[in-house]
Structures are given as structure tokens and as C-alpha cells.
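Me: Could we go through this structure together, one part at a time?
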Protein chains: 2
Amino acid sequence: MPKLLVVEDEPAVRMGLRLSLSRAGHQVLEAATATEAWEQLSQADLVVLDWMLPDEPGVRLLERLRRDGRYENLPVLMLTARAGEGDRVEGLTRGADDYLTKPFSTPELLARIQALLRRSGKGGRIERGGLALDLERHQARLDGEPLDLTRREFDLLAFLARHPGRVYSREELLERVWGPEFMGTARTVDQHVAQLREKLREDPKLPRFLETLRGVGYRFRE
Amino acid sequence: MPKLLVVEDEPAVRMGLRLSLSRAGHQVLEAATATEAWEQLSQADLVVLDWMLPDEPGVRLLERLRRDGRYENLPVLMLTARAGEGDRVEGLTRGADDYLTKPFSTPELLARIQALLRRSGKGGRIERGGLALDLERHQARLDGEPLDLTRREFDLLAFLARHPGRVYSREELLERVWGPEFMGTARTVDQHVAQLREKLREDPKLPRFLETLRGVGYRFRE
DNA sequence: CACTCCCTGACACTCCCCTGACAACCCCGG
DNA sequence: CCGGGGTTGTCAGGGGAGTGTCAGGGAGTG
């Protein structure tokens with residue numbers, strides 16, 4: 001699981017970010033100041049960096065960071081309240097890998113983070129039992145042999161596998177995998193689970209991975 | 001028992017919320033204005049916050065609250081009448097932990113509250129004697145060994161175990177575990193208690209967990 | 001157009017939930 | 001000590017909600 005470092009001084013915004021990101025399956029480190037951020041850099045796979053910080057401008061931190069050889073390839077995503085074109089360019093040329101102006105939508109943030117993680121080769125892997133998911137390549141392997149999964153199948157499987165043991169209702173899965181704007185029936189989930197089970201070659205009654213909890217939902221076996 | 005603070009100016013809605021929530025086993029504090037809410041914050045484990053308030057927008061209250069160090073980790077669930085995607089995102093990034101657009105269903109509200117309490121470490125696990133219940137995994141263990149419980153069995157056991165020592169009449173259990181719309185006989189409870197006792201390997205006469213109080217109801221042993 | 005993927009509705013089947021009946025038990029008063 | 005009424009434990013079966021599965025239409029893509 002990739003670790004993201006969120007550098008943002010305002011607690012409300014930081015909390016919102018933490019929520020959105022952890023919900024999307026990332027591990028989140030937090031820092032309110034440039035100093036705090038510096039201490040945690042070594043653990044991070046990606047940095048979400050606010051433009052304004054109480055002790056030092058975000059850009060300045062970014063410069064220091066790039067000069068340090070250890071963090072040369074660490075992806076940085078800038079957050080800025082300024083909407084001017086000039087600022088964007090400045091942020092980029094000074095070393096940010098991407099930027100986003102507030103206010104931004106959560107899906108867009110997630111998409112950009114995914115893109116950056118992909119580029120840096122740390123898109124993340126999930127390995128559970130004989131199942132291996134490569135989020136970066138969108139590819140799954142079962143006991144070493146490649147599986148051909150569609151987008152929904154992959155996303156659903158990845159989501160469940162990210163939280164093994166935990167039960168999710170169909171409604172919860174629809175909201176988290178399909179998105180909040182999906183307006184269909186809950187049975188759609190069943191259909192995709194069935195598809196997955198077929199490709200995973202598992203019997204619904206003796207599941208190796210995807211358990212059904214009657215009246216509750218689905219769960220990835222621990 | 002977790003205390004929920006409901007901040008909602010419309011008396012009818014507030015009353016409905018109080019009813020649903022207390023019925024679900026929560027203790028409910030109420031506030032009609034942001035000012036009232038502020039006074040009771042220190043007692044709350046979670047806040048259900050309406051978007052619109054007479055004296056101050058809910059979002060504003062939320063911001064103040066997040067700035068105050070004491071409430072940094074207090075879960076807040078926003079209620080909003082607006083359905084636009086933009087508002088949702090805004091509510092979240094401004095510090096709400098979750099949101100719900102009116103009109104919403106009671107079960108969904110309860111589910112989300114449960115999720116939040118769980119996340120903040122105030123829901124989630126129940127451990128009593130050799131019995132351990134993990135609500136989010138929907139899994140029960142007796143002296144370490146996993147138990148296979150059905151949905152009703154699990155819900156009933158979880159409810160009783162949440163309030164050890166307290167007696168509940170069959171009618172009360174039906175209302176709280178089965179739901180207010182259940183229209184059956186009270187003996188149904190006995191049946192499920194019997195099932196549970198069998199799976200818990202306990203003698204009805206010498207119960208380890210589920211005591212019968214003749215003429216009164218059932219109780220989880222302290 | 002051909003193809004894939006996503007979603008839905010329909011149908012079959014499983015298993016849980018509930019009920020009704022009976023047995024066992026407790027608590028009374030006689 | 002006995003008997004009766006009320007309460008609870010237990011059993012077995014029917015009904016139904018929940019789930020697995022299949023086939024088909026529609027949207028998107030090359």
C-alpha cells in the first residue's frame with residue numbers, strides 16, 4: 001500500500017484529505033508544517049503539498065527536497081489556492097510533478113495521485129493468498145497465472161482485497177467502487193462477484209477469496 | 001454507550017432523528033442552534049450536523065470546531081438538502097467525515113454513524129468474558145475459536161452484549177434488533193436465543209452469557 | 001459493423017427465519 | 001405434597017427473503 005504524505009496546515013482540509021485518501025486505500029501520513037514534513041519524507045511514496053505553510057512556503061520545501069539526492073524521484077503534487085496561470089507554471093518548473101488548484105474535486109485528486117504513483121512505479125501491489133493484484137498495470141495473477149479481468153471486476157476485487165476480513169454491504173460497495181452517483185440496483189454487485197468467482201475458479205459455497213454473508217454482504221477471506 | 005449530538009433546527013426532523021437514534025441504542029443530545037451545539041460539544045462522541053442553521057451555517061460551525069484542538073478528531077456527519085456533487089466535496093474537504101443528503105433512509109444513517117464510531121475507535125469491537133464480537137468483520141469468537149452466526153443471531157448477540165447486565169423484554173428486543181416494522185410473535189426471540197445458546201455451548205440453566213429472567217426477558221451476564 | 005463490457009430482469013434454488021405445537025419447568029395456593 | 005396456570009425450552013416444517021445464474025439489450029469502442 002502506497003504511503004502518501006499530506007502537508008497541509010489547516011486541520012479541516014488536512015482531515016478531509018486524509019479521509020478521501022484513506023478511503024481510496026492509501027496509507028496517509030500527515031504534517032502541518034514544513035518541518036514536520038521533512039521528518040516524514042523518508043517514509044513517503046508521494047507528497048501532497050500545500051502551497052502555503054506557516055513556517056515556510058511549500059515551494060521552498062520543494063526546492064530543498066529536490067536538491068537532496070534521496071528525494072529526487074519522489075512525486076510531489078502541489079495544492080494551491082491561486083488560480084493564476086503564472087503560478088501554475090512556476091510551481092511546475094520548480095519541481096512539482098503535478099498541481100491542483102483549490103477547490104478541487106476528490107475524484108480528480110485521486111486520479112492524479114494514481115497517475116503519479118503509476119509513473120513512479122509505485123502503483124502498489126496487493127498480495128493475498130495466491131492472488132496478486134498489480135494496481136499500476138491493472139493486472140491480476142492467480143497462483144502465478146495471469147487473469148483477464150475487466151475494469152469493474154478488477155476494481156471490485158481490489159477494493160475487497162484491500163480490506164480483507166471486513167464485510168461490505170452491496171450498497172457500500174456500490175458507493176465505494178461504482179461511485180456515489182451510481183443509481184442502479186444492488187444486484188449488480190452480485191453479478192460482478194459471480195463473474196469474478198468464475199474467473200477465480202471458485203465455488204460460491206466453498207469460496208477461496210470472496211465470501212458471501214447472507215443478509216449482510218461480501219467479504220474477502222483472510 | 002456513545003453519545004451523539006444532533007444539531008438541527010427544525011423540531012420535527014430533530015425529533016425524528018432522536019427517535020431513530022435512541023432506538024438504535026445511542027444516547028442523544030440535541031441542539032437547535034450552533035450556539036447550543038457549541039455548549040454540548042465536549043460531551044459528544046459524534047456530531048450529526050445540519051447544513052442550515054438559524055444563527056450560523058453548519059459548515060462554519062464545523063470550521064470553528066476543527067480549528068479548536070479539542071475537537072480535531074470528533075467525527076462529524078453532515079446533513080444537507082443540496083444534492084449537487086460540488087457541495088458534497090466541499091463539505092468533505094471542509095472537515096466533515098461523512099455526509100448525507102436529505103432525504104435519507106434511517107438504516108443508512110445508522111450504518112454511517114456506526115462506521116464513523118468504528119473508525120474513531122468507539123464502536124467496532126465488543127469483548128466480554130471469552131466472547132469477542134467484531135462488528136465490521138461480522139465475526140464472533142468464543143474463547144478464540146470462530147463462531148458461525150447468522151445475521152439475526154449476530155445482531156441479537158451484539159445488541160445484548162453491548163449492554164451487559166441490562167434486561168430487555170422480548171418486545172424491546174424485537175423493536176431494537178428486528179426493527180420497528182416487525183410484526184410477529186415475541187416467541188421468535190426465544191428461538192434465536194436458543195440457537196445462540198447452542199452455538200455458545202451453554203446450558204440454559206447455567207448460562208455463561210445469556211440469562212433468562214422469568215417473566216421479564218433476557219440479559220447478557222456481566 | 002463486430003466486439004466487449006456493463007447492467008438489468010427473470011428464474012431457480014438454498015437456507016434462514018418464523019411459527020405452531022408440545023414438553024419441561026417454575027411458582028403458586030391448597 | 002400435589003396440581004394447575006403461566007412461562008420458557010425445544011423440535012420440525014413451511015414459507016419466503018436472499019442469492020446464484022443465465023440471457024439479452026444498450027452503450028461505448030475500434
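This is a predicted model: local features need pLDDT of at least 70, side-chain atom pairs count only at pLDDT 80 or more; totals for chains, interfaces and linings use all residues.

Me: Let us start with chain A. How many helices and strands are there in chain A?
Reply: Chain A contains 8 helices and 12 strands.

Me: And what percentage of the residues of chain A count as buried?
Reply: Of its 222 residues, 32% count as buried. As for contacts in chain A between residues at least 6 apart in sequence, 51% join residues at least 24 apart.

Me: Now the helices. At what angle do H6 and H8 of chain A pack?
Reply: Helix H6 (residues 151–162) and helix H8 (residues 187–199) of chain A pack at about 90°, and their axes are 10 Å apart. Because of that angle, H6(A) is roughly perpendicular to H8(A).

Me: Which residues make that contact?
Reply: H6(A) contributes Arg152(A), Glu153(A), Leu156(A) and Leu157(A), while H8(A) contributes His192(A), Gln195(A) and Leu196(A). By class, the contact comprises 3 nonpolar, 2 polar and 2 charged residues.

Me: Changing topic to the DNA: how many residues surround DNA strand C, and which are the closest?
Reply: DNA strand C is surrounded by 24 residues, and the closest are Thr150(A), Gly184(A), Thr150(B), Arg152(B) and Gly184(B). The elements that give two or more residues to this surface are H6 and H8 of chain A, together with helix H6 (151–162) and helix H8 (187–199) of chain B.

Me: What about DNA strand D: which residues come nearest?
Reply: There are 18 residues around DNA strand D, and the nearest are Pro204(A), Thr212(A), Ala194(B), Pro204(B) and Thr212(B). H8 of chain A and H8 of chain B each supply at least two residues of the surface near DNA strand D. By class, this surface divides into 6 nonpolar, 6 polar and 6 charged residues.

Me: Back to chain A, then. In what order do the strands of the sheet with E6 run?
Reply: The order is E6-E7-E8-E9 in chain A, an open sheet of 4 strands with antiparallel pairing. Strand E6 (125–128) and strand E9 (145–147) are the edge strands, each pairing on one side only. On average, neighbouring strands of the sheet are turned by 20° against each other, with direction ignored.

Me: How many bridges join E6(A) to E7(A)?
Reply: There are 4 bridges between E6(A) and strand E7 (residues 131–134) of chain A, and the two strands run antiparallel. Within this part of the sheet, Arg125(A) stands opposite Asp134(A) in E7(A).

Me: Now chain B. Why is strand E1 of chain B said to be largely enclosed?
Reply: Strand E1 (residues 3–7) of chain B is largely enclosed by the rest of the structure because 4 of its 5 residues are buried.

Me: Which strands are joined to E1(B) by bridges?
Reply: Strand E2 (residues 27–31) of chain B is joined to E1(B) by 5 bridges, and the two run parallel. Strand E3 (residues 46–50) of chain B is joined to E1(B) by 4 bridges, also in a parallel arrangement. Val6(B) stands opposite Glu30(B) in E2(B), and Leu4(B) stands opposite Leu46(B) in E3(B).

Me: There is another sheet in chain B, with E10 in it. What is its strand order?
Reply: The order is E10-E12-E11 in chain B, and these 3 strands form an open sheet with antiparallel pairing. Strand E10 (167–168) and strand E11 (210–213) stand at the edges with a single partner strand each, so one side of each is left without a neighbour in the sheet. E10(B) and E12(B) are joined by 2 bridges, and Tyr168(B) stands opposite Tyr218(B) in E12(B).

Me: Why is Gly217(B) counted as partly exposed?
Reply: Gly217(B) is partly exposed because 19 other C-beta atoms lie within 10 Å, whereas a buried residue has 20 or more.

Terms used:
Residues are numbered from 1 along each chain as its sequence is written. Chains are lettered from A and ligands numbered from 1 in the order in which they are written. Axes are lines fitted to C-alpha atoms, for helices over the stretch in contact, and angles run from 0 to 180 degrees between N-to-C directions. Angles under 35 degrees count as roughly parallel, over 145 as roughly antiparallel, 65 to 115 as roughly perpendicular and the rest as oblique. Two residues are in contact if their C-beta atoms, placed from the backbone, lie within 7 Å. Ala, Val, Leu, Ile, Met, Phe, Trp, Tyr, Cys and Pro count as nonpolar, Asp, Glu, Lys and Arg as charged, and the others, Gly among them, as polar. A residue is near a molecule or strand if its C-beta atom, placed from the backbone, lies within 6 Å of it. Two strands pair if DSSP finds at least two bridges between them. A residue is buried if 20 or more other C-beta atoms lie within 10 Å of its own, exposed if 12 or fewer, and partly exposed in between; C-beta atoms are placed from the backbone.
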